[in-house]
Each structure stands twice: as C-alpha cells, then as structure tokens.
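This short report looks at how one protein chain is arranged and at how some of its side chains pair. Please keep the sequence and the structure in view while reading.

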Amino acid sequence: MGRSSKNTNAMKSAVVVMGALAFGWMTIEMVFKPFLDRARDAIDKADPARDPDDDYHNPNLNPNPNTSSADASSL
C-alpha cells in the first residue's frame, strides 16, 4: 500500500466522522428543539440583575411562610 492511499483513506475517514458529527448535532437539535426553545426564551426573559442565590440568603425574605420573620432570620 502506498503512502497516498493511506492519506486518501485517512481523509475519507475524517470526512465520514465529520459528517456523522454534523448529522448527530442536527438530530439532537431537532429532537430537543421544543426544550431548547423554552430554555432559550427563559434565558432571554431572565433579569440579569437578579441573582436567585441571593433570594435564599436575604433575611428580609421569608423562605418558610409558616414561620414568623424572627424564626426565619435565625436560619
């Protein structure tokens, strides 16, 4: 087997692998399109100034409505 034959086989293999990856990506995009669209919409609507982690640690917010504010501040 000559050197050019090995290079040709390697190029063919690379093209097949790249095609398979592209096809797989398109398939995933099509199958999960509704979920991805909802996630992208939620990201677009999100308030960048609000950090959800701060909500739990903010003593002014009561995470448990069944307790008084004094009980919640001791968390």
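## Salt bridges

A salt bridge is a side-chain nitrogen of Lys or Arg lying within 4 Å of a carboxyl oxygen of Asp or Glu. In this predicted model, the structure holds two salt bridges. In one of them the side chains of R40 and E29 meet, with 3.8 Å from N to O; this pair links distant parts of the chain, since R40 lies in helix α2 (residues 33–45) and E29 in helix α1, eleven residues apart. R40 counts as partly exposed because its relative accessibility is 42%, and E29 also counts as partly exposed, at 24% relative accessibility.

The side chains of D37 and K33 meet in a salt bridge as well, at 3.4 Å from N to O. Both D37 and K33 lie in helix α2, where they are four residues apart, or about one turn of the helix. D37 is partly exposed at 30% relative accessibility, and K33 is partly exposed with a relative accessible area of 46%.

## Overall arrangement

The protein chain has four helices and zero strands, so that from the N terminus on its elements run α-α-α-α. Of its 75 residues, 1% count as buried.

## Surface

The accessible surface of the protein chain comes to about 6900 Å², and 62% of this surface belongs to carbon and sulfur atoms.

Note on methods. Residues numbered from 1 in each chain as written. Predicted model: local features only at pLDDT ≥ 70, side-chain atom pairs only at ≥ 80, totals over all residues. Heavy atoms only, no water. Helix = DSSP H or I, 4+ residues; strand = E, 2+ residues; numbered from the N terminus. Buried < 20%, exposed > 50% of the residue type's maximum accessible area, 1.4 Å probe, protein only. Areas by Shrake-Rupley, 256 points an atom, 1.4 Å probe, with all protein chains shown as cover.
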